[in-house]
Amino acid sequence: MLAKTFGSAVYGVDAIPIAVEVNVSPGKHFYLVGLPDSAVKESEQRVESALKNHNYRMPRIKVIVNLAPADIRKEGSAYDLPIALGILHASEQLELDELENYMIMGELALDGSLRPIKGALPIAIEARKKGLKGFILPKENAIEAAIVDNLKVYGVENIKEAIDHLTGEKPLEPTFYETRDVFFSEIDTVETDFADVQGQENIKRALEIAAAGGHNVIMIGPPGAGKTMLAKRLSSILPPLSLHEALETTKIHSVAGKLDGNGKLISARPFRSPHHTISDVALVGGGGIPQPGEISLANNGVLFLDELPEFKRTVLEVMRQPLEERKVTISRAKVSLDYPANFMLIASMNPCPCGYYNHPEKECVCPPGTVQRYLNKVSGPLLDRIDLHVEVTPVSFDEMTAQRKAESSIDIRNRVIQAREIQKDRFKDQQQIYCNAMMGSSKVKEICKINEAGKVLLKTAMEKLGLSARAYDRILKVSRTIADLAGSEEIKIEHLAEAIQYRSLDREGWAG
């Protein structure tokens with residue numbers, strides 16, 4: 001007898017429906033076909049044990065399980081549950097006539113209980129597209145899948161609950177999750193606040209500009225100046241996630257298995273801070289079984305690279321293309337996957353190995369030439385892609401002990417949102433452009449027009465600092481953002497002058 005149900009394979013951040021077909025006929029042996037990997041092939045032992053522990057049997061005749069389409073590689077252990085249910089129906093131990101109307105996924109333990117899976121959200125989206133009656137999966141993933149509306153999601157703790165639901169003996173209640181109500185109640189929650197930071201007003205201003213235009217930032221200064229503290233608060237002044245961005249972000253974290261136990265929709269912009277020992281693959285994604293990397297997990301949020309020169313050169317260089325294209329393409333012999341990588345990069349570094357070059361009070365003890373060699377660990381092409389270079393100086397004792405309350409993240413965020421609204425209106429007819437940092441060269445020429453006095457100032461700065469054509473575009477983009485924050489339709493000379501000062505590392509002789 002033939003039984004059929006549906007599972008799914010996750011490729012990139014999307015899911016592909018997989019038909020799980022089971023045929024039981026006279027003969028012997030168990031055959032699992034359809035390009036399964038080792039984890040899928042091992043399902044025979046898990047299924048047999050799970051069935052036995054619930055008083056069912058594994059047929060001792062010919063069993064063929066086909067995972068179609070057969071030319072797509074199937075990976076992982078999440079096909080255990082649909083295979084087990086298919087065997088029960090095909091061997092006529094149970095009548096599960098509704099089997100082919102469900103998407104079913106779950107890894108079986110030997111006692112028949114279910115372990116959570118990765119990628120429940122994109123699989124649920126695919127189940128809804130396919131018009132299936134429901135989605136049966138482990139209970140730990142039920143809330144995550146229930147984010148998708150117009151789909152009945154049934155969370156089960158073991159195979160017996162799934163059987164009882166399909167036979168009608170004990171129908172399950174669908175898991176309910178009010179996506180929009182929960183999301184909009186949490187989007188204004190701020191965990192870190194700029195009000196905690198005393199002094200550093202110039203750095204806060206630079207980060208406000210970065211947030212308003214989606215620009216990348218590098219902060220350079222001595223240890224203890226507050227670089228990390230400021231960086232961790234950048235996400236608190238970014239505009240709240242839209243529902244579309246939240247779904248996209250949650251989907252990436254779901255595929256990577258990074259959602260916490262409650263499986264809720266991500267409502268805060270992600271902040272990722274990988275250690276400098278990270279590998280190329282861990283940063284950009286890929287691997288034997290392709291997974292999103294840190295830059296994709298930071299999608300719609302912030303990627304913070306602390307002590308930038310300590311990262312391996314190869315790790316930093318692989319970021320150059322994603323910073324421009326806002327996506328990562330992982331190519332293999334038989335498949336090519338795209339992961340979103342629309343993130344803001346914020347980096348920090350010491351000015352030299354000892355950390356005290358240009359310090360107002362402490363003396364640098366690095367030998368001659370060391371400072372330049374240290375800075376050269378970060379390539380020119382990568383620095384060109386970072387819009388704002390900001391020098392961070394230590395906070396004085398008077399500033400640290402001042403009773404004056406610093407401006408809160410909410411106040412700064414309101415100004416950022418107003419600037420983003422201007423940009424949203426400006427780019428309403430443009431696809432894939434949402435803020436000033438995303439503009440291409442042709443758009444920069446059209447939108448970032450400057451008067452004659454501005455051209456003279458920019459020409460002088462270009463000649464003195466030896467800036468590249470990419471740095472020229474960056475200055476114009478940043479000046480456009482500064483004008484947006486000021487509510488000005490034109491880029492004035494003061495906006496341009498402020499943008500030019502955020503190119504510290506381009507200055508000739510900066511490192512001695």
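Contact is taken here to mean heavy atoms within 4.5 Å, and by this criterion residues 24 or more positions apart account for 73% of the contacts in the protein chain with a separation of 6 or more. The model is a predicted one, in which local features need pLDDT of at least 70 and side-chain atom pairs count only at pLDDT 80 or more, whereas totals for chains, interfaces and linings use all residues. Residues are numbered from 1 along each chain as its sequence is written, and side-chain values use heavy atoms, with hydrogens and water left out.

The protein chain contains 22 helices and 18 strands, these being DSSP runs numbered from the N terminus (helices H or I, at least four residues; strands E, at least two). Along the principal axes, its C-alpha atoms fill a box of roughly 85 × 50 × 45 Å. Of its 512 residues, 54% count as buried, where buried means under 20% relative accessible area, exposed over 50%, and partly exposed in between (1.4 Å probe, protein chains only). The accessible surface comes to about 23,200 Å², of which 49% belongs to carbon and sulfur atoms; accessible areas come from the Shrake-Rupley method with a 1.4 Å probe, and for residues only the protein chains shown count as cover. The mean positions of the 63 positive and 69 negative charges lie 4 Å apart, with Lys and Arg counted as positive, Asp and Glu as negative, and His and the chain ends not counted. The place of each charge is taken as NZ of Lys, CZ of Arg, CG of Asp or CD of Glu.

With a salt bridge defined as a side-chain nitrogen of Lys or Arg within 4 Å of a carboxyl oxygen of Asp or Glu, the count comes to 25 salt bridges. One of them joins the side chains of glutamate 157 and lysine 139, at 3.6 Å from N to O. Because glutamate 157 lies in the loop between β9 (153-156) and α6 (159-167), and lysine 139 in the loop between β8 (134-138) and α5 (142-146), this pair ties together parts that are 18 residues apart in sequence. Both partners are partly exposed, glutamate 157 with a relative accessible area of 44% and lysine 139 at 48% relative accessibility.

A salt bridge is also formed by arginine 205 and glutamate 498, whose closest N and O atoms are 2.9 Å apart. Arginine 205 lies in helix α8 (residues 201-213) and glutamate 498 in helix α22 (residues 493-501), so the pair ties together parts that are 293 residues apart in sequence. Arginine 205 is partly exposed, with a relative accessible area of 28%, whereas glutamate 498 counts as buried at 17%. In a further salt bridge the side chains of arginine 272 and glutamate 294 meet at 2.8 Å, N to O; this pair links distant parts of the chain, with arginine 272 in strand β11 (residues 271-272) and glutamate 294 in helix α12 (residues 294-297), 22 residues apart. Glutamate 294 is buried, with a relative accessible area of 14%. Salt bridges that share partners also join Glu324, Arg385, Asp387 and Arg474 into one network.

Helix α8, which carries arginine 205, is largely enclosed by the rest of the structure, because ten of its 13 residues are buried. Among these buried residues are Ile203, Leu207 and Ile209, together with Lys204 and Glu208. The end C-alpha atoms of α8 are 19 Å apart, in agreement with the 18 Å that its 13 residues should span at 1.5 Å a residue, the expected span being 1.5 Å times one less than the number of residues. Just after α8, glycine 214 takes a positive phi of about 70°.

In helix α2 (residues 43-52), the buried residues are Ser43, Arg46, Val47, Ser49, Ala50 and Leu51, and what covers them includes β3 (30-33), α1 (38-41), α3 (80-90), β6 (107-108) and α6. Valine 315, in helix α13 (residues 313-317), counts as buried at 0% relative accessibility. Not counting residues up to four places away in sequence, valine 315 touches Ile278, Ser279, Asp280 and Leu283.

Aspartate 384 lies in helix α16 (residues 380-384) and is buried yet has no salt bridge, the nearest side chain of opposite charge, arginine 503, being 4.0 Å away. Leaving aside neighbours within four places in sequence, aspartate 384 is in contact with Ser468, Arg470, Ala471, Arg474 and Arg503.
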